[in-house]
Protein chains: 4
Amino acid sequence: MEATDALFSTPAMMDVWSGAARVRGMLAFEAALARAEARAGVIPTAAAEAIAAACGRDDFDVTAIFHEAAESGTPVIPLVRQLTARVAGEGRDYVHWGATSQDALDTALALAMGQAFDLLARDLMDVGESCARLADRHRRTVMVGRTLLQPAVPITFGLKAARWLALVTRQMRRLREVGERVAVVQLGGAAGTLAALGVAGQAVTAGLAEELGLGVPDLPWHAERDRVAEAAAVLGVLAGGMAKIATDLVLLAQGEVGEATDGTPGKGASSAMPQKRNPVDATLALAAARLAIGVVPVVLGAMAQEHERAAGAWQAEWEAVPAVFRHTAGAVAHVRASLRNLDVDAARMRANLDATNGAIMAETLALALSARIGSPEARAIVRELASSARARGTNLHEAARNDERVRAALSADAVDRAFDPTMYLGSNDWYIDRALADYRALHEDEAPSAEEMPNA
Amino acid sequence: MEATDALFSTPAMMDVWSGAARVRGMLAFEAALARAEARAGVIPTAAAEAIAAACGRDDFDVTAIFHEAAESGTPVIPLVRQLTARVAGEGRDYVHWGATSQDALDTALALAMGQAFDLLARDLMDVGESCARLADRHRRTVMVGRTLLQPAVPITFGLKAARWLALVTRQMRRLREVGERVAVVQLGGAAGTLAALGVAGQAVTAGLAEELGLGVPDLPWHAERDRVAEAAAVLGVLAGGMAKIATDLVLLAQGEVGEATDGTPGKGASSAMPQKRNPVDATLALAAARLAIGVVPVVLGAMAQEHERAAGAWQAEWEAVPAVFRHTAGAVAHVRASLRNLDVDAARMRANLDATNGAIMAETLALALSARIGSPEARAIVRELASSARARGTNLHEAARNDERVRAALSADAVDRAFDPTMYLGSNDWYIDRALADYRALHEDEAPSAEEMPNA
Amino acid sequence: MEATDALFSTPAMMDVWSGAARVRGMLAFEAALARAEARAGVIPTAAAEAIAAACGRDDFDVTAIFHEAAESGTPVIPLVRQLTARVAGEGRDYVHWGATSQDALDTALALAMGQAFDLLARDLMDVGESCARLADRHRRTVMVGRTLLQPAVPITFGLKAARWLALVTRQMRRLREVGERVAVVQLGGAAGTLAALGVAGQAVTAGLAEELGLGVPDLPWHAERDRVAEAAAVLGVLAGGMAKIATDLVLLAQGEVGEATDGTPGKGASSAMPQKRNPVDATLALAAARLAIGVVPVVLGAMAQEHERAAGAWQAEWEAVPAVFRHTAGAVAHVRASLRNLDVDAARMRANLDATNGAIMAETLALALSARIGSPEARAIVRELASSARARGTNLHEAARNDERVRAALSADAVDRAFDPTMYLGSNDWYIDRALADYRALHEDEAPSAEEMPNA
Amino acid sequence: MEATDALFSTPAMMDVWSGAARVRGMLAFEAALARAEARAGVIPTAAAEAIAAACGRDDFDVTAIFHEAAESGTPVIPLVRQLTARVAGEGRDYVHWGATSQDALDTALALAMGQAFDLLARDLMDVGESCARLADRHRRTVMVGRTLLQPAVPITFGLKAARWLALVTRQMRRLREVGERVAVVQLGGAAGTLAALGVAGQAVTAGLAEELGLGVPDLPWHAERDRVAEAAAVLGVLAGGMAKIATDLVLLAQGEVGEATDGTPGKGASSAMPQKRNPVDATLALAAARLAIGVVPVVLGAMAQEHERAAGAWQAEWEAVPAVFRHTAGAVAHVRASLRNLDVDAARMRANLDATNGAIMAETLALALSARIGSPEARAIVRELASSARARGTNLHEAARNDERVRAALSADAVDRAFDPTMYLGSNDWYIDRALADYRALHEDEAPSAEEMPNA
């Protein structure tokens, strides 16, 4: 319950995991359970109706439920107590029939995760939209390609955005897959046999799932938490993906680079330094991603659960799973905000390319020369020209134009072409087109994607 | 390079990530690249043949390659130097043509991950085999079901094994999925445009993939590491799953429980205490799982990579990715060893059930009574009987038989039935059958699995 | 902001990190800064008085401050805006004079950490009190010593409690040390030079520290976060220590062990299973410890901060540092609650010892025999007797008494002594006395402790 | 056992944790134990001499020891077997007398940690030396102060180096403290009572400590791992500190910044791009720090150990503790290498300052104006001038000189002074002097340090 929570999440995601929402989820379980049991002939229909009616009331004391949880070790005991007090007639005897506390908590978790994945998918599609727009618009905007933060060879800003886009598209697919896998009910009773339901276990499980729009799992999963762990893990990858984009954004906004900044009016002003324009959203995205990833090993480590219900490991999930969703949502939302109004400065990109004094085209020159005089000699010449140009602060293009050996091998035109970054983009367009096509296929839910295309 | 490495991995998995194997992987890349470039008309066929021939030599100085890597920051530069020195004729000019160091390292990584996933799948299938055997054989072996390490209601050991089995089956599916997704080449050149290949980028990429039996990715993934991160994350979930099984095994072997122990002769003897029988494999599995999970956030955190190639985050993967594979393999292998010769003591299981003095059947008694006198009153009676029996150290069954209120509601037979654990197993058989069926479907590669069966 | 937060923390610790408290901390900084600047002649005294008066008002809109923080990337900008609006006259021009946002946030952090360490120390002393009581009372209560959860040799429950106590004592010392190190102001201005204060930097820093009862750090620490990281790390160790105690408590409460349970009335009852008595506090302590430890690498990883203020890493601390304090406090508080009313069942401890059928005394017998017939032969005999006793389910004491070889070497009395656990406790008393003495020395703040006594 | 291990550690640190060294450590324990027992009259002197002599032999089969460890779960059992086989006469009966496997492993761990901390301290002092040199030499080298990677106000490179230095100095103190705390023997016997030593436990423990030059702990610490956890935690903080310095170094070396680069000849050359100069050591330091920090939560999480010896958690330490030392050593060594030949480009620093077109001096101008016309008005004017200058790409200094309002408030000289970065360094010198003094005090082992100076 940090004061700063809102900085690293979204209001909608915080709502999904609020106490009130979690109580609603457990009540939805209790109502659906009663109905399914009535349909299976386990409890009287009137009892089920009375229970379902009580579950619909909005006067549960949420604070008391979580407060009293410290006594019994689970919020379900006080919740069932409050629910029972609200049920009329004999229904009272059938509240929570045959179920265990964990059944209510875990099924509510499955429902909450469903909503949470939907929220994430929505924001993530928006991120994709921005990336697609940037990839398309800037497919010919040349800029410095940077490896280990050193200038390497030219790329386009469209390609950078296309790589972000492909990352987003892949994460969208992962979210869908895991979202389906976790959308299953939990119903096992005291120790996972559903013994209290006698022969009706299968029917009640199916009915419960149908009532709630969830799937039937292979087996109860009280102490086998791979579904939950996978959800956390996929979110960790997503958060890491957002951190990649945000890292690029912070670096592009750097004073000495200045190639792209968040253009949202009023964002990132500094009190003390009027000239500053802080990349606020990218910064908060990076922080949120760190927080999200930090929770993943907690959930993974908590898989080592004892026997039929864990003492400690499971309970840690109650806090950890909402946290990983909240912070991942924060990372996605801040990247989304950051990209929405991104001011791309194509002129500055070109200027930064030119500021390398031709050095960034050294590879091109070497390649052009190699074709004529062989690779080793070509590289030796270029290395010599580049280091002397760097030492003297002169331009490599000029130096190449004036070098006897280069002139012997290449025409003036060929030298100029070697120094034209727009001529040295290789598969740039192919990549951008693939990223766009694959992203668009998402919308159509097309099964076969370019992502994992078989070779050839 | 810990002395204890072998305790937490397997020889085969350690081989996959050895320096020699990694060099072989990079040479496989260089050979395949040359061939693909020759096929695409980028380099002369004779050059490709010379390069491929040199790649097949076994006289590379592996130690020197990794030693010199500290100078250039990558093992590929010394490797290419050694390779070039071994190439005859003009082929020398075309070694590593158009590629960047990371292309070699990452494609070799994809190859190694493929082998590593195969190894894991093999050992994991063995774990599944043991679980399936135990689930089937012990489907009627009753034992105490334990929640928060307290006796809850009876279960069967078959069901416990079936839950392990279902966990294993789900992980097998995850391994296959991610295994396919990471099996793609990396080819992007200096900054991910394949500019040095001109218009031949697409053809060379497809050729390279075909040569190596890998897929073509949507885009180069130099700085977008979600594939690698997903692999690590899935391994973390698998390691966590192994830790769940190993936790149960250590607890079942406990002196005071003694329900199942590793029966491998000679394992776990203690020097000082001849009476001891330590659960060595389960213990080492737990340690290996902790180590594996610890690496996952390193890989996730390393996704925040700068621009076209990261300074630090990517390099951390070189050590972290092998580590997560090695330790996960250790966890799987130790669980496998532990289950293979598991001595299950069904009599002790029954004795431990009986030692609860009937208390574990309290729920059954309460249910039987509820059907007659309503849930609240039934629970009150049972609670009273149970607490008085516990206080006096007497048997709840006895107490129930002699209680007037119980006798008024239930026949002597009905009371006896309430205290028969074999009569209170609910969906036990259904679950075991599902787990077995789902596991067997794995072998047939049947797409539709019971795992995520739609409801109804 | 999880619904379950209260389960894994304490109300007092949650208050320390509430939005209101954090705003109060920042206002304390602003007031103290103004006073220190007035004393140093940097701003008019009247201005300082007006600022300090406004800082004392209780009508700040805390929600708005954290809400608006998302715009500027820091809560200080809206806070300073609200403060300025509340300052009368020319004081308005001197609000936050020469400081940067981080100065306010970090100094408030130092103040909050001070309070938080005090809270932790208080609860931890209570844990120590319980451990000391148990150590003293049970110094002769023999029980099974367990290694790898197997019976090893006898110990006393007093010794187990003494080991917990020594752990607590060591942590108390660590808390005090780190508590002093983090209790320093942060004042560096825009980029850590205090340039806006001209030559008055040193005087203002000293004055600020004096006003707040904090120390003067060597240098501003905007981007060097080792103090904060050390605090998190020490808390992680403390949380791990609590997890050790809680692990023992959960295991002692196990159905099959039953040697110690939480005796607090009403705690841990189960709805479905009236016979159950769940170790609720130990369980929640384990969960809280997992959550606390999970945050530590986030804070450590966030030390990689860029230049004079980080983009992302620092901001992650805003959420992570309170979290590690909150969850560690939860772990300590639950261990404290668990130990306070611990029901120790000395008879059950003895019974569990006896249930090993003498096997646990095998080492003693081997030692007694070794003195007479040499170690290898002694061990061979004991191993044979122990394994045959185990196989037949008979008592090792009986078997030893009747064995010819044993009788030849040892008198009947000597054999009986070898099987008396109270005769085989070695340094038990010495250890318990040391743990008690060292703990008591804490109260007297005695510098030289037994903890790291020089040898000899 | 990664091929890449050497990239992320140092040869000396790898040696400390090699199998051979770990065996030597355990043999040192066995020899010292025997001698201490002989001195205490527990075993015959001749036996101790025979044992010590055998421990000095260099023909132990290290590979076999760790290989066989997989059978017994500990390397000590095969080691004791090999040792016993090498002991002459009756000494054979007294090998490992009264000790448990963990005593040997943990005491050897304490010895190894002592050597490891010494190695770290040595390299870290070298880092300090470089920082001190840079701090002193560049105390007047002005450069851009950067917050959130945006230009803020001027600082000096000397100050940046002084902040690194202060960080190093603080870590040196932490290393010394924790180094002393972990330098204690472990001796508890089978379950921590030293029962097999009868009344001689205290004397043998003291003798063992004296033989090995280690301290006597308060109590055996078989399952209370706070000392080990603290060591890992302190290393995590140190690794994080190295990552801070390395982050700055990578960013200073950036193409667009170019203010400092590693000047070691031959380092960081790129095969494909002759113009590149990769910051290899800083990059590897960042990777090593990530790896080191990743291990910390493994060690902390492993504190939750069961009873008298853990099943899994302790064993994880065998791999994790060496890893955290190795990788931290790697981080320190690469930072050391990076700083040793750092090429500082003071002219480029100044040029980058000037390239902000005066914007970085906006705060100074605002302050100067504030003194005359009040802060709100001053800020409004500066904000307007700055934004119009930025929009038009003109110089703020020029704009200020020509603005009527500014001219009315400030003389031309005053305006020029406001734009002179060397005039706006505040406490720069004070800070640098403190950092140097505090570092030098380290050498003299002066207890009272400036680090946590009381206020005033």
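Analyst: In this predicted model, helix 10 of chain C meets helix 10 of chain D through C:I293, C:V296, C:P297, C:L300 and C:G301 on one side and D:I293, D:V296, D:P297, D:L300 and D:G301 on the other. In general, a pair of packed helices is described by two values, the angle between their axes and the distance between the axes. For helix 10 (residues 280-301) of chain C and helix 10 (residues 280-301) of chain D, the angle is about 155 degrees and the axes lie 9 Å apart. Because angles over 145 degrees count as roughly antiparallel, helix 10 of chain C is roughly antiparallel to helix 10 of chain D. The hand of this crossing, helix 10 of chain C with helix 10 of chain D, is right-handed.

Helix 6 (residues 101-137) of chain B packs with helix 11 (residues 313-340) of chain B at an angle of about 15 degrees, and their axes are 9 Å apart. Since angles under 35 degrees count as roughly parallel, helix 6 of chain B is roughly parallel to helix 11 of chain B. Where helix 6 of chain B passes helix 11 of chain B, the crossing is left-handed.

How the chains themselves are related is the next matter. In general, two copies of a chain are related by a rotation about an axis together with a shift along it. Chain D is superposed on chain B by a rotation of 180 degrees with 0.0 Å of shift along its axis, at an RMSD of 0.1 Å. The two copies are therefore related as by a two-fold rotation axis. Both copies use the same surface, for 100% of the contact residues of chain D recur in chain B. Chain B, in turn, can be laid on chain A by a turn of 180 degrees and a shift of 0.0 Å along the axis, with an RMSD of 0.0 Å. Among the residues of chain B, B:A233 comes closest to that rotation axis, its C-alpha being at 2.8 Å. Here too the same surface serves both copies, with 99% of the contact residues of chain B recurring in chain A.

From the relation of the chains we can turn to the interior. In soluble globular proteins, nonpolar side chains tend to be buried together. The largest nonpolar core here has 728 residues, and the members that touch the most others are A:F325, B:F325, C:F325 and D:F325. Helix 6 (residues 101-137) of chain C supplies the largest share of this core, 20 residues. Leaving aside residues up to four places away in sequence, A:F325 touches A:M13, A:W17, A:M113, A:A116, A:F117, A:L120 and A:L235.

Helix 3 (residues 45-55) of chain A also has buried residues, namely A:A47, A:A48, A:A50, A:I51, A:A52, A:A54 and A:C55. These buried residues of helix 3 pack against helix 2 (19-39) and helix 5 (76-86) of chain A.

A few single residues complete the picture. A:A313 is found in helix 11 (residues 313-340) of chain A, and A:A313 is buried because its relative accessible area is 3%, where the cut-off is under 20%. Apart from residues up to four places away in sequence, A:A313 touches A:A302, A:A304 and A:Q305, as well as C:R290. A:A313 and A:A288 are 25 residues apart along the chain, and their C-alpha atoms are separated by 24 Å.

Although A:Q115 and A:W17 are 98 residues apart in sequence, they are 9.9 Å apart in space, C-alpha to C-alpha.

A:N357 lies in the loop between helix 12 (346-354) and helix 13 (362-373) of chain A, and its phi is near 60 degrees, a positive value in a residue other than glycine. With a relative accessible area of 28%, A:N357 is partly exposed. In chain B, B:N357 has a positive phi of about 60 degrees although it is not a glycine, and B:N357 counts as partly exposed at 28% relative accessibility.

Technical notes:
Residues numbered from 1 in each chain as written. Chains lettered and ligands numbered in written order. Predicted model: local features only at pLDDT ≥ 70, side-chain atom pairs only at ≥ 80, totals over all residues. Heavy atoms only, no water. Core = buried A, V, L, I, M, F, W, Y, C linked by side-chain atoms within 4.5 Å. Buried < 20%, exposed > 50% of the residue type's maximum accessible area, 1.4 Å probe, protein only. Helix = DSSP H or I, 4+ residues; strand = E, 2+ residues; numbered from the N terminus. Contact = heavy atoms within 4.5 Å. Least-squares fit on C-alpha atoms with pLDDT ≥ 70 in both. Axes fitted to C-alpha atoms, helices over the stretch in contact; angles between N-to-C directions. Parallel < 35°, antiparallel > 145°, perpendicular 65-115°, else oblique. Left-handed = near helix turned anticlockwise from the far one by under 90°.
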